[in-house]
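Modeller: Shall we walk through this one together, question by question?

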Amino acid sequence: MVSWRRRPGPGLARLWGLCCLVLGCWPGALGCPASCGCSSWRIWCTGSSPGIASFPVPQRSAEGDNVTEIYIANQPNLESINDNEVGFYVGLKNLTVVDSGLRFVSRHAFVKNVNLQYINLSRNKLSSLSKKPFRHLGLSDLILVGNPFKCSCEIMWIKKFQETKFYTETQDLYCIDENNERTALLDMKVPNCDLPSANLSNYNITVVEGKSITLYCDTTGGPPPNVSWVVTNLVSNHESDTNKNPASLTIKNVSSMDSGLEISCVAENIVGEDQASAELTVFFAPNITFIESPTPDHHWCIPFTVKGNPKPTLQWFYEGAVLNESEYICTKIHVINQSEYHGCLQLDNPTHLNNGAYTLLAKNDYGEDEKRVDAHFMSVPGDGSGPILDPDVYEYETTPNDLGDATNNSNQITSTDVSNKENEDSITVYVVVGIAALVCTGLVITLIILKFGRHSKFGMKVHGEVKGVGLVDQIWLSLQDCDNEEQVMVAVNNDVHNNSTASDNNRLGFVLFHKIPLDG
């Protein structure tokens with residue numbers, strides 16, 4: 001009888017592999033040993049066969065960045081945690097190594113694991129344990145029960161650590177003394193084994209720039225502690241002597257750049273360490289390190305940076321005269337960084353009257369400094385390319401950044417354009433004046449004709465019909481000798497009754513219309 005076994009197809013295999021990858025159970029991930037299980041965030045090694053002989057390390061360093069928990073148990077061949085092994089897991093928070101053969105932890109084992117909060121090294125083979133691997137960590141729990149510690153000064157720090165930490169369950173920690181007897185760690189007494197202490201001769205270091213100063217550090221502890229000075233980023237020249245007690249640090253030609261710097265003295269022995277710190281205060285004259293032409297923001301601002309200690313007083317001058325500040329023009333300090341002050345002279349809606357030279361004077365007890373800057377807020381009215389129609393409206397001057405190339409003259413008016421426009425205006429004026437002169441001349445001539453023409457004599461009067469002259473023409477000639485309206489009407493009546501035609505009647509109305517207003 002033949003038995004059939006269904007083989008998974010390629011699609012099912014791919015799906016299974018994807019599921020394992022998503023669930024984090026793929027044995028090959030992170031270079032996981034045969035006795036361990038690995039996921040994207042956790043590694044656990046609990047199988048004793050074949051077991052592991054060294055701390056698990058990922059094949060690629062980037063693979064361990066997201067691991068936050070490592071759990072190792074029942075590994076008798078794991079005897080040490082060496083430098084840089086745990087350091088591959090920079091995000092590690094919880095580390096457990098229990099019921100194994102651990103005997104040694106390197107002093108630099110956890111240098112890169114600043115996120116470690118919980119360490120459990122219970123039931124291993126630790127006979128001593130230095131504090132150095134743990135001193136930079138903010139541990140909430142360090143569990144060490146079940147280790148065969150020897151009663152010595154080297155584990156005294158564990159006793160102090162237990163006394164300063166609060167635990168819901170007290171750890172039963174023991175050590176083996178010289179008589180091979182178990183002694184509770186809390187009762188352990190080791191002669192000449194004390195925590196060190198450090199004390200500075202001065203905790204408020206003040207010095208004037210360019211001077212020198214010496215600081216002393218007195219230490220105690222058993223065994224006698226080693227002393228070191230922490231002067232990170234100190235710019236000034238300095239030298240130290242740690243072979244004597246008290247140890248000394250001399251800073252020569254102190255620089256203003258070191259003002260606000262912290263200086264520490266560290267005393268350390270096998271029991272633990274102590275540290276004393278002081279802040280260095282340097283007094284120095286003001287220095288205006290930055291000042292710039294005004295820039296428009298919500299208000300116009302002349303930005304500046306001034307360094308000085310103690311804090312300098314600031315005074316502005318405009319065109320050599322003291323600038324009296326007000327709510328419209330005032331000094332604003334925006335950022336203070338140690339002895340450095342960043343601010344600006346703020347101007348609210350300045351006009352061309354505010355253009356000119358501005359000088360900043362900074363002064364304190366140790367000296368003074370001044371810097372000048374030229375400011376141009378607005379063009380002078382009437383100084384542009386065209387007339388200002390409204391004297392209350394001015395145009396702000398713009399920067400090249402606002403309009404691009406400030407040298408672009410495409411919109412400027414040339415001298416030829418101005419000349420042509422002036423010539424056109426002159427011709428127009430001449431034409432108007434000429435017309436006006438002609439009108440006035442015509443009026444004068446008309447008045448002269450009217451004044452003297454009414455008394456002119458043509459040598460003929462119309463008392464009867466003039467031969468060769470029509471009716472209306474005769475009336476017009478007769479009207480020349482009439483002195484009033486009555487005579488006009490008499491002459492008209494006489495002539496009309498004598499001889500008239502239709503065309504003469506039409507012309508008659510014209511004559512009467514124009515004659516009467518002239519006499520009126």
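**Backbone and surface**

Biologist: In which loop does P223 lie?

Modeller: Gladly! This is a predicted model, in which local features need pLDDT of at least 70, side-chain atom pairs count only at pLDDT 80 or more, and totals for chains, interfaces and linings use all residues. Residues are numbered from 1 along each chain as its sequence is written, and side-chain values use heavy atoms, leaving out hydrogens and water. Strands are DSSP runs of E with at least two residues, helices are runs of H or I with at least four, and both are numbered from the N terminus. P223 sits in the loop between β14 (213–222) and β15 (226–230).

Biologist: And what is omega for the peptide bond from G222 to P223?

Modeller: That bond is cis. Its omega is near -5°.

Biologist: Which residues does the cis bond with omega of about 5° join?

Modeller: The proline of this pair is found in the loop between β2 (42–45) and β3 (69–73). The residues joined are S49 and P50.

Biologist: Is N233 buried or exposed?

Modeller: N233 is in the loop between β15 and β16 (237–241), and its phi is positive, near 70°, although it is a residue other than glycine. Buried means under 20% relative accessible area, exposed over 50%, and partly exposed in between, with a 1.4 Å probe and protein chains only. Because its relative accessible area is 62%, N233 is exposed.

Biologist: What is the relative accessible area of N84?

Modeller: N84 is placed in the loop between β4 (80–81) and β5 (94–98). Its phi is positive, about 70°, and it is not a glycine either. N84 counts as partly exposed, with a relative accessible area of 47%.

Biologist: Which residues does T359 touch, leaving out those up to four places away in sequence?

Modeller: T359 lies in strand β26 (residues 356–364) and is buried, at 15% relative accessible area. Contact means heavy atoms within 4.5 Å. Its partners are Q315, W316, F317, E370, K371 and R372.

Biologist: What is the area of the nonpolar surface patch that includes V431?

Modeller: V431 lies in helix α4 (residues 415–453) and is partly exposed at 45% relative accessibility. Patch residues have over 30% relative accessible area and no salt bridge, and nonpolar side chains (Val, Leu, Ile, Met, Phe, Trp, Tyr) are joined within 5 Å, like charges within 9 Å; a salt bridge is a Lys or Arg side-chain nitrogen within 4 Å of an Asp or Glu carboxyl oxygen. Areas come from the Shrake-Rupley method with a 1.4 Å probe, and for residues only the protein chains shown count as cover. Together, V431, I435, V439 and L443 make a patch of about 360 Å².
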